[in-house]
Each structure stands twice: as C-alpha cells, then as structure tokens.
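Subject: Structure handover

Hi there,

Here is the structure I promised to send over. Have a look at it first, and then read on for my notes.

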Amino acid sequence: MTKAKTLVSSIAFACLLSTGLTTVAVAAECSGTIKVLAQPRDGLTLLEDYKSEFEKLSGGASFEIDYLNENDRRAKTKADASTIGKYNVYYIDEANVALFASAGWVAPLMDYYPADYDYADFDPGRQKVATYDGKVWFAPVTGGGDLMVYRKDLLEAAGIAPPKTLDEYVAAVKKLNQPDQGIYGTALRGQRGSGANVWRWMPFFKGFGGNWFDGKTPVFDGEQAVKATETYLELFKYSAPGSQTGGWDEAVGAFTSGQVAMLIESTPLVGMAIDPKSSKVAGKVGYLPPPAPLTGGGYGHGLAIGMKANKDEASKACAGLFVAWATSKENEARRLEAGQFSELNRTSIMTSPKFAELYGPDLGQALADTGKVTAVNFWQSPQWPDLGDRWGIILEELITGTRSDIKEGLDELDGFAKDLVARSQ
Amino acid sequence: MSQKNSLPAVFLTPAMGILAVLALVPTAYAIYISFQNRELSRPDGSLVGFANYIDLFSDRRFINAIGVSLTWEAVTVGMTLLIAVGLGILLFECVSPRTRNLLALLFLVPVILPRVSAAFVWKFAFHPLYGIATYPYKAITGQPLDLLSNPATALATVALVDVWQWGLFFAVIVLKLLETLPPQPFEAAKLDHARTWEIYAFIALPMLKAPLISLAFVKMIESLRAFDLIYVMTRGGPGIATETLDMYAFSQGFIESGRISYASSMAVLMMIATSIAFTFIWKRVQ
C-alpha cells in the first residue's frame, strides 16, 4: 500500500463500531491520508477548515479532496475505480450508483457507517436514490428534486399568475419572452449528457406517462417520448442563448444574471437565486413545485467507500468514519450557518428553527410540496449512463438542428438500447 | 576501435529500452484488448476477433468522427501555415527590427498559455450573452451570436482558437527564418524589377521549403492532439459536430460506455492510419 493511502485502524475503532459508543467521545485510530475524489461543493470545501477535528476523531488520519467538474468527475471515478483504485472515497450520484454497486467498485455503506451518525435522518428521497439492489451505497452531500423558479416582478408586470399546469407554463414562457429587452422566457439544458439535457427532458417524458423499460424490453419509443421531445423543443425557442449547448451552469447563470423569466431546475437553484452574493435578482424570486403533470427529477450525490484503495476492513471502516463525519448533523449545521442551502440533506436540519429563520416558511413549504411530485425519472440500471448519454447526443442534435426527425432519433436509441441489453447479458 | 564503435550503443540502449517499454507495452496491450469485449465494469472479457473493428464501420459516430478529424487537420494545419507565412512576411517587410522583436514576444504569449486555460478563456469570450468576442455583433444587430451552439460554425470557431495559438507562434518562426536568409538573392531580384510578392513566392519561400515542411509536420502531429481544446469548448457538440476520433474514443472508453476494447480498436485504427499517412507524406516530400 502506498504512503498516501495507508490506513491503519485499531481494535479500538472496531469496538467503537460494534458498541456504538459516541464517536466524538471515543477516538478511532486511523492514520495516513484518506483520498477523496469529488466535484466542487461548498460543503466539502468547508470541511477542509475542520481537518483537525477529523484528525482528532479518527485518531490521526487526515483527508485530501481532489475536485473535478461533474462530467470529468464521472469519467475519472469510473476510470480510477475500475483500474488502480487510488481513492478511498468516491463522490458518486444517482446516475451511476447502480454501475458502481454492481461492478463492486464501492462497498455497502451501512456495513461501515457508524450508527451514531443516524443515517435515517437523511431526507427519504435522497436515501431512496442512494439505494440500489436493497443496499445503501452513499451518504448524501446534495440532492432533492425540482422547483419552478420565477421572477415575481416580471410575472406581475405581465399580469400572469404563477403557472400550475404545463399548458399555463408554456403560454407564460412565450408571453414573457422579450429578447429585445434582454429577457428570455426560460432557460433549459441543451448540453448532451444523462445528467444534462436528458435530466431536464425526463420530467416531461415521465410526466406524460413514459417508461424506459418493461423488464428487459425497451418501451420508451412511444408517443410519450415524442410529445415530451416536441414540448422540450418548443420551449427551447424561448430559451436563453448559450443554453442550446449549455448545462446547469449556463441555465442558472442566465437566471441569476436577470435574463430569464422562469425555469424549472433542481432545488439548489433557489439557494443561489435568493442569495444577493450570487444573484442579481435576489428579492424578486418566487418558487413553486413544477407545473402538472411534470415530475420532479429526484437526485442525490454523495460519498461512497471505494473498494480497491481500502483493501482491508479497517481501511473501509476509516473511510466509513470519514463519510459519516463529513455528512454528519454537526457539519450540516455548519453548512446551514454558512448559507449553503444546496448542501443540506438532513430532515433535522431542514425542519430546524434556524432553517426557518434563514429561509422563511415559504421555501420549507415549497420543498415539502415538490417532494410529493419528485420521482426517480431515470432507468435504474448500471447501463443507464450509457443509454442516457446516447439519448443526450440525439437530443442535442434535435435541439441544435443537426437532425429534425424525433421518431427517427428515438428509433435509433431503441436499437442502441437493444444492443446494450444484449451486451450486458 | 571496437570500444569506440560500441560507445553509441552503450548510451543509446538504456534510453531506447525505456522508450520501447513506454511506447511498445501500451501499444501492444491496446492491440490485444481491441480483439476482446472488455468493459470497465466487466474486466473479464473474452476474445471476439475483429468484431469491434467490423462494428466501427457501421457506427455513424465513428464515420462522422473520421470526417471531423480530417476536416480539423486540414483546416488547422492549412490556416496555421497560411497565417504564419502571411504574418511573418508582413512583419519582415513592414516593421522595424526593434518593433519586430517586441511583436514576436507578444506573439509567443498564446502558445505559452496552457491549452485548457486558453480554451476556457475563449469559450467565455464566445458566450452569446456575456462574451467579448460576440459583443460587437450583438451591439450592431441586437441579436446574440452563438457560434459554439451552431453545428455549421462550432468546429471553425474552435479551430480559430487553435490557429490563434499556433499561427502566431509559427509566424515568429517564419520571421526569424526570413531574417536568416542571405540578402543577395533578394537584391538581385529587386535589380531585375521583381515585385515583392514575386520575390517571396519564387525566392524566399522556395528557400524556406525544408523548414516550412518541418513546421507543417509539427502542426499535423500537434493537431492530432487537440482533444483538450475541443473537450473544454464543445465536448464534441453540438450533437457530434466537433467529435474527433480521439474525443469519441475517450467517450466510449471513459465517459459513456466504459467499452475500453471498442475504444482501443479505434485507437489502433488511428495509429495505423496516421502511421501510413505520415510515412506516405514524408516519402512524397523527400
């Protein structure tokens, strides 16, 4: 084992796990550096200020986090976990948890997660996406569903009530689109990828009643997918420039810079939109659950224990301790204090008086309401990234005009899905 | 005498040995796994013969990637040399030696910038809403200009950044080459009333034929490694409009499928194609 990933755990730590003693009171004895591969998160950056706390808790181990943006992080974790296994802890997400779990690249989390850290306190939706094949694989660092976020001032000026249905939403987007005044009706994601354009398209697909597979037979190539794509392409006519090949950053950037009237995005957008430090439209923002029949895109990102770098049980236990500490109530309370809305995952924190004091009762209510329509929109399979990314390319071609026949694109995806299923057997 | 003759071998053997290990082992391994059906999530693959190679030729993304790669090579190599020669001559003709040195220093800056940094800077510069490069168009027409989202302009826009980095650098090299040429042929041509363009077309450039061919080869090899620029600026999009062969191989290997055998078969074909093409061009040039 290399110096960097040398993790020596003591019997005392094993006792700690088995007896469930208070983790703060009894220090485990890990050593070396726990290497973490993650994507940039304010909550993880904040953790680095408390390295000494973890060192004390673990009995001497430190940690080092390497950051890569989402797409690069996905590629690098896959490459590392399947080859050399340099990292003790991986940041994984709902889209690839099935792949990581079925390939044996990560360990079942609950086998090494100290009970005192109360995993059950995490938001039930996030627990659901962290679970595959009946086992929990990661502890959430971010997650949630979707919210429709809108500019109250623009809607009021146009005499439009916040839309409750998709038809109302489409009509409002068209009416609010005023490019000559630098305001665009909406901002979507056009960039290819299962976590990019496909992610935003799926609420339409599932909302119209679409399904990916029936057993091992693809069934997505139907009228629901065609209608979803037509609606998505229709809305793209009113989407901010740059979003045609942009992802989350471009859509959110266009909204927070005041150039978009309304959009449906993942819940962390609200935290950014109402924060004057990151938004020009703070104070003018309203939020509601997505208009019916759209489903919210349930998602969750979190920390998982790598199998290759943690060769023995003691190393896995140390990595488990790090994951538990990093996602603990104490650290979430620090994130709340630091205004990191998108990094909050625990029910106890989101229902705390401090949360209500900081964000008001409206946001809490909106989150509770959107939870009712939040769903797992993607195909929960190790092959999902492959299928989702392929549809992402076809969808981007449709958005940018390289192709125009929706049915032909879906037929191509259908053939690809059949090959994919055959290859996996 | 025999001691004298063995000295080069003594010095060369370790270096060649290391080179052989570093170059041949991965190459041999890539060829080996290209005949398997290995995937990252299933490392226990089996031999499938030429199945991956056969599949490639019915894969529309692969066919598209060949076209994009060839276009990329032709555009970036051609434009870089054109800019380099044009700008080099312009500097040599119109600018004083002192100013030339100052400009040469400035022209070196783009190529010193790390490729990824340059790609991010230009990606932001081309942003339709906030980009400085698209601002004049927006100010004049009132319409945003989204060059990187348009399949017709995306590849040319990325190529522009490549040419900006390498064209200016090569212009400095051409300038310095022109400065090293003997003045007599130029003076003789002027006495014969040759026009300026004739002097360069028929005297200077033929005299620089060998170094210019070397520059072309350097750029051809460099253009094959444009992965980082394209990855940052377009990720192969919109759709697959800027997806080169290396980009597609990486996507298949690590981003989308984890099909490392399939990706390796692409890499092997690329290796064979480039080896043949470069050997052919090299022999033609000689």
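How many residues of chain B are in contact with chain A, and how many of chain A with chain B? In this predicted model, 23 residues of chain B meet 28 residues of chain A. On the chain B side of that contact, 12 residues are nonpolar, 9 are polar and 2 are charged.

You will find L129(B) in the loop between helix 5 (115-125) and helix 6 (135-141) of chain B. Is L129(B) buried or exposed? L129(B) has 20 other C-beta atoms within 10 Å, and the cut-off for a buried residue is 20 or more, so L129(B) counts as buried. Leaving aside residues up to four places away in sequence, L129(B) touches A240(A), P241(A), G242(A), A254(A) and Q259(A), along with P144(B). From L129(B) to G258(B) the separation is 129 residues in sequence and 36 Å in space, C-alpha to C-alpha.

Now for chain B as a whole. Chain B has 13 helices and 0 strands. Its C-alpha trace spans about 80 × 75 × 30 Å along the principal axes. Of its 286 residues, 35% count as buried. If you take the contacts in chain B between residues at least 6 apart in sequence, 68% of them join residues at least 24 apart.

In soluble globular proteins, nonpolar side chains tend to be buried together. The largest nonpolar core here has 174 residues, and the members that touch the most others are V89(A), F100(A), W137(A), V149(A), A304(A), F322(A) and V323(A). The largest share of this core, 15 residues, is supplied by helix 7 (residues 154-180) of chain B. For V89(A), the residues touched, not counting those up to four places away in sequence, include I34(A), V36(A), A304(A), F322(A) and V323(A).

Last, a helix pair in chain A. Helix 10 (residues 223-236) and helix 18 (residues 406-424) of chain A pack at an angle of about 125°, and their axes are 10 Å apart. The two helices of chain A are therefore oblique to each other, and their crossing is right-handed. Helix 10 of chain A brings A225(A), V226(A), T229(A) and E230(A) to the contact, while helix 18 of chain A brings I406(A), K407(A) and L410(A). By class, this contact has 4 nonpolar, 1 polar and 2 charged residues.

Best wishes

Notes: Residues numbered from 1 in each chain as written. Chains lettered and ligands numbered in written order. Predicted model: local features only at pLDDT ≥ 70, side-chain atom pairs only at ≥ 80, totals over all residues. Core = buried A, V, L, I, M, F, W, Y, C linked by C-beta atoms within 7 Å. Buried ≥ 20, exposed ≤ 12 C-beta atoms within 10 Å, placed from the backbone. Helix = DSSP H or I, 4+ residues; strand = E, 2+ residues; numbered from the N terminus. Contact = placed C-beta atoms within 7 Å. Axes fitted to C-alpha atoms, helices over the stretch in contact; angles between N-to-C directions. Parallel < 35°, antiparallel > 145°, perpendicular 65-115°, else oblique. Left-handed = near helix turned anticlockwise from the far one by under 90°. Nonpolar A, V, L, I, M, F, W, Y, C, P; charged D, E, K, R; others polar.
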